[in-house]
Structures are given as structure tokens and as C-alpha cells.
Amino acid sequence: MASISLRKIVKRYGSGPKANQVIHGISAEIADGEFIVIVGPSGCGKSTLLRMVAGLEEVSAGEIAIGARVVNQVEPADRDIAMVFQNYALYPHMTVFDNMAYGLKIKKVASAEIKTRVDRAAAILELGGLLQRRPRELSGGQRQRVAMGRAIVRNPQVFLFDEPLSNLDAKLRAQTRLEIQKLHRELGVTSLFVTHDQVEAMTLAQRMIVMNGGHVEQIGTPEEVYGRPATTFVASFIGSPPMNLLKGRASGRDFMVGGITLQLPAAAARDGELIIGLRPEHLANWDAAEGWPFKVEMIEMLGAERLVYGRLGDAAFTLRIDASLAPPKVGSTLRLQPSAGQLHCFDAQTGQRISA
Amino acid sequence: MIEKRPALTLLSHLVLILGVLIVAFPIYIAFVASTHTAQAIVQAPMPLLPGDHLLENYQAALSGHNSGSGSTAPVGRMMLVSLVSALTIAIAKIAISLLSAFAIVYFRFPLKNFVFWSIFVTLMLPVEVRIGPTYQVVSDLGMLNSYAGLTVPLIASATATFLFRQFFMTVPDELVEAARIDGAGAMRFFKDVLLPLSSTSIAALFVIQFIYGWNQYLWPLLVTTDENMYPVVIGIKRMISGGDAANDWNIIMATAILAMIPPALVVMLMQRWFVKGLVDTEK
């Protein structure tokens, strides 16, 4: 097992003035045995970052260290890592056993040892009866487990997962998510997991790295990222439905947005251009006698809860309310009172959090 | 499309049977001719039922004979020459094409595109077009009347290289990366992953190239003057002397039938793989 250090990682494609820089100096320290999820929208550079750790892409500038060793110039096979690919990348002409054993065979591990290791991995992943099958005879979930088995038998220092769940259906995805968690608890191997799915990120991560446009937006535990988003991007990317963001002008406790003036709690009072964020569920009372005037436009029933879409003045706003409560009427106006201490303030220009 | 119209079915069967007859009848005639004596064949009308000289005619053809006005060399030797050349051409073509396609798809080297396009351009230069200079080269190298002379100029193949290049490009990149992480070097990846994956294409190509090699006519005609180095296709030609001379048509036809057997065998034995290689997209 090993820690991973990313030191000012830069990735450029091409060279000279036409070079296209996709990763702009990322630094992070990943502790030994930690499960880190890198999450971000498509094209934010998260897969490129992972592939640089794997050694499949060259690092343009900066250093990657696994354990104490800087691995910039080390071949992928010698980095002591294992990777699970999005489409599994199983060798189609080999049996499940051979797929898992291939890396060990190349390393010239004794065949008895190979058999022990493959059998152990197969037992962990419940692949015992499938060892003589070929990948095409397996279901998606089974292939996914074989891909993980191939990673496990190598006994690596680091697991790298490149969106391994995105080819599975929703039910299987939830189940595999739990299996990965269990696996990490049992093996305790440092893991980097790339996904664009914020639910995966929230459920799997011990800490998550939120990326956007080749920059790190925030590094923190799921609680920190959800509870204290560092930027408006994180606030709107993590959480579904996303945090309500209202851009307006504050003057003391008055906040002008969408043509109306809202009263801020005393603790949040400040002056100037501001973005106010409030999660849809963070309302102390949504049917009070007084508060922010919210006009209901549409209601979605999700089973356990209802999503109420509407407007504060001109600004769009969403509420999440318990489905056991009687729903508000479409067209009616509710009076909202935000929960104390749940109001987030961001700088209107930079989108950075203003610590309250 | 499923239709139930008896008249249409009848018509389509008639057309098919007619087609089979047109293709098969000459072969049948050749077979019939190879079972009669030379005198019996030249009588008009020629017999249409097999005679009783089958064994002696084929024996005469295979081991050489002493009548006839054309070449009388033994066909057994010719079959061997043909077999060796066809196998050499097919196997070497596949080996070289696989390696060059591998280089073009998986390696970055200077002038890569130039190399690819120059291979591609040779598609437009079949043997017949470059036959003069090629003959000069082969003759200067002293390769006339040798297996090398018969095969080397026919080995380089843009078609096969191109086919394998297209196939390799459909192999997912992740497979290459997985192999890299597993520690497989380039040749190891080639041997353990690419070769097994392209086995059906290789089989299909082998069939095509074997027949191509077996049926070579123009080039062996130029580079072989020694009866010992005649491929069987040339042998047939050499048996027929021009003018009004009496040819041993029974022996010639027996040779023709013999010459047809190996390619037919290759096609029949490898048919399953051959078809799979052409239609299969499974990866």
C-alpha cells in the first residue's frame, strides 16, 4: 500500500503556442489506504489525471509520486498499480482465469501461486464457477467483477477505477457500489475512482476531488463538499436537485434579487454583489406567515419526497419537501424561511465561497 | 423475405440449376476426358461418359510419360513446386502484412504516414505492371528457376497489410492499455492478444492467398525454364504444343483435374473459418 502525491500536475496536448492545456497544475496528497473519488463533468480532465497516474499519459509538468517514488518516467507495469477500465477491457479470447492470470504470467509468477491468487480473488468476487468462461459469455456485472479480479490478483499498491460502473444498469450499479466499498474495507488498498456521477462520488468517497475545466474546485470529505461547497460550481454540481443559487445585491439584511427584496438572517448580513445559495431541503418552514415569497409553478412526486419548482420574484428556485405532507397548490404563493446557518454566500465575480 | 409462391420457387431453382450446370459442365468434361485414351477423346463426338483408363492416365500424368508432343515432365513434381510456392506466398504474405500493419497502427515513427501511403500506392502496381523491372531484378540476382524467384516478388502485399490495419484499428485502445498495465511488451501483446484476435482474418486471408499463389501463371511462365521448377499451372500450358501436333489430351485433362484439387481442398477445409473471417465482427 502506498500514498500518492500529485505535485502541480500539468497536461498539455501538442507543443508550442498551439498547445492545448487541459490540466492546469493540480496538487493533492492522498493518504495510504484512502478511497478518493475524482468527480467532475465530462471533459474536466478527470480521466486524463487518472491515466497520468496510471502511466498511460505522459505528464507535461509536475510530479506524480506513488509511495516515496516519483513515477513520471516509470512504465505502467512497474508502477505497482492496477486499473479497472470503463468498458472492462477484458481479453476476449481468454478465459476468465487467463484474463486474471495474464499479468502474473508475464511477471513469471509460479503457476501454483497464480492459481492460489486467482482462486482467492474469484472467491472474494464470487466468480468461482465462471473461471473457464470467456468474457462474451458473461453478463455486464460479471465482466465488471472479472475486471476487478484482474486488478486484485496483482496485489497492487494502488487501484485506479476509470468510471467502472457507467456501463451497468441502475440496480447493478448500486449493488456494485456496495461491493467496491466492501472490497476497499477488506483490502485497504489506496484507490482512485473517477466518475461523473455525483451519487457514486458521495457514496464511495472518503474524500473527493471535485474538478472543473482542468482545475480542482474542492478537495474534501463528502460532508464538507456537500455542506460547505467551496465554489458555486461545486454547489451546483454536487446534490440533486442542485443548490439554489440567487445572484443579487445585498445591503445589510436586504437582498435584492429577481425584482424583489428578501430578508437575510442577521448572521448573513453583508453588502455588495453576492450569490446566495440554499439547498432545496434547507428550509425551517415553507408555509410560514411571513418570509420569502415563493410562487409554485410545478410539482414532481419522487416517492419519499416532492420537488416543488417555482420562482422567487423572477429567480428560479426549488424546494424539496416530505411527501407525507400535503403538497402546496400550483399557482399559490408560499412564505419560505431558510434554516439557520444553511445559507451559503459566494463572491459574485469569482464564485468563491465567502466564509460566513 | 419469405414468400410462398410455388412458381417462383420453381423458377429460381431452374435458374440456379442452370447456373450450376454452366459452371460444372466443363469440369465434368475435363474429368471424362481424363478417363479415356488419347484416341477416344479426339473422335467426334467426344464421349460424355467416363471411360476405363482413369488410373493409368493419372498415373502417367503424375509420374511422367513419354508420348505426346509437349512437355512430358511428371506432374507430381509440379504439384510439389506449386504447393511449396503457394504455401510460401500465403504464409510469408500474412506474416509480413501482420507485422507491417502492427507497426503502422501501434507505433509512432518518423514518416509513418509516408510509409503507409507508399504501401498503399503499391496496390496500384500489381505484378503485371512492374513485370519488366521485377524480372530484371530477379534475373540479376540469379533467382530464375528457384523457389525464391517464384515467390519473393509476389509476397509483398498492400491488400493484406491494409486489411490487417483496418482490423487492428477496431481493437479497442483499452485492450492495449490493459496489456501495458499487465506488463506485456509490444511483441508480447502482438503474440498474446492481437494474433488470437485476428485468427479468423488470418484464415480468410490464407485461403485467398493460397489460391492466388497456386493460380499464378504469368510470373512463373517468365521465371521458370527448367521442367523441374514448373508449377502445375505452367505444366499444363507446356504440355500443349502448338500447331496441329497430337496432344495427349487425356493426360492434360488429368493434370488439370489434379491442379484443381488442392485449392478446392483448402477452400473446403477452411470454409468455416473463411466465412467467419469475412463476416465476423466479434471482438
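1. Two residues are in contact if their C-beta atoms, placed from the backbone, lie within 7 Å. On that basis, the contact between the two chains takes 16 residues from chain A and 15 residues from chain B. On the side of chain A that touches chain B, strand E6 (81-84) and helix H2 each supply at least two residues, and H2(A) gives the most, with three residues. The residues of this side of chain A divide into 12 nonpolar, three polar and one charged. In this classification Ala, Val, Leu, Ile, Met, Phe, Trp, Tyr, Cys and Pro count as nonpolar, Asp, Glu, Lys and Arg as charged, and the others, Gly among them, as polar.

2. The model is predicted: local features need pLDDT of at least 70, side-chain atom pairs count only at pLDDT 80 or more, and totals for chains, interfaces and linings use all residues. Residues are numbered from 1 along each chain as its sequence is written, while chains are lettered from A and ligands numbered from 1 in the order in which they are written. Helices (H or I, at least four residues) and strands (E, at least two) are DSSP runs, numbered from the N terminus.

3. The domain assignment of chain A gives domain 1 (4-236) and domain 2 (246-347); such bounds come from an automatic or database domain assignment. The C-alpha centres of domain 1 and domain 2 of chain A lie 39 Å apart. Each domain is represented in their contact, with four residues from domain 1 of chain A and four residues from domain 2 of chain A. The side of domain 1 that touches domain 2 in chain A has two nonpolar, two polar and no charged residues.

4. One open sheet of chain A is formed by four strands in the order E2-E1-E4-E5, with antiparallel pairing. Two strands pair if DSSP finds at least two bridges between them. E2 and E5 of chain A stand at the edges with a single partner strand each, so one side of each is left without a neighbour in the sheet. Strand E1 (residues 4-13) and strand E2 (residues 20-30) of chain A run antiparallel and are joined by eight bridges. Ser5(A) stands opposite Glu29(A) in E2(A), and Val10(A) has His24(A) as its bridge partner in E2(A). The hairpin of E1(A) and E2(A) has six residues between the strands, and Gly14(A) takes a positive phi near 80° there.

5. Helix H1 (residues 46-54) of chain A lies across E1, E2 and strand E4 (61-66) of chain A, running at about 115° to E1(A). Axes are lines fitted to C-alpha atoms, for helices over the stretch in contact, and angles run from 0 to 180 degrees between N-to-C directions.

6. A further open sheet of chain A has six strands in the order E6-E7-E8-E3-E9-E10, with mixed pairing. Here E6 and strand E10 (215-220) of chain A stand at the edges, each with a single partner strand, so one side of each is left without a neighbour in the sheet. Neighbouring strands of this sheet are turned by 15° against each other on average, direction ignored. E6(A) runs parallel to strand E7 (residues 158-162) of chain A, and four bridges join the two. Within this pair, Ala82(A) stands opposite Phe159(A) in E7(A).

7. The axes of helix H2 (residues 96-106) and helix H4 (residues 140-153) of chain A come within 8 Å and cross at roughly 30°. That makes H2(A) roughly parallel to H4(A); angles under 35 degrees count as roughly parallel, over 145 as roughly antiparallel, 65 to 115 as roughly perpendicular and the rest as oblique. The residues in contact include Met100(A) and Leu104(A) of H2(A) and Val146(A) and Val153(A) of H4(A). By class, this contact has five nonpolar, two polar and one charged residues.

8. Helix H3 (residues 111-125) of chain A also packs with H4(A), at an angle of about 135° and with the axes 9 Å apart. H3(A) and H4(A) are therefore oblique to each other. Among the residues that meet are Ala121(A) and Leu125(A) in H3(A) and Met148(A) and Ile152(A) in H4(A). This contact of H3(A) with H4(A) has eight nonpolar, one polar and two charged residues.

9. Most residues other than glycine have a negative phi, and most peptide bonds are trans. Asp80(A), however, has a positive phi near 65°, and is found in the loop between strand E5 (69-70) and E6 of chain A. A cis peptide bond joins Ser240(A) and Pro241(A), with omega about -5°. Pro241(A) is found in the loop between helix H8 (232-237) and strand E11 (244-251) of chain A.
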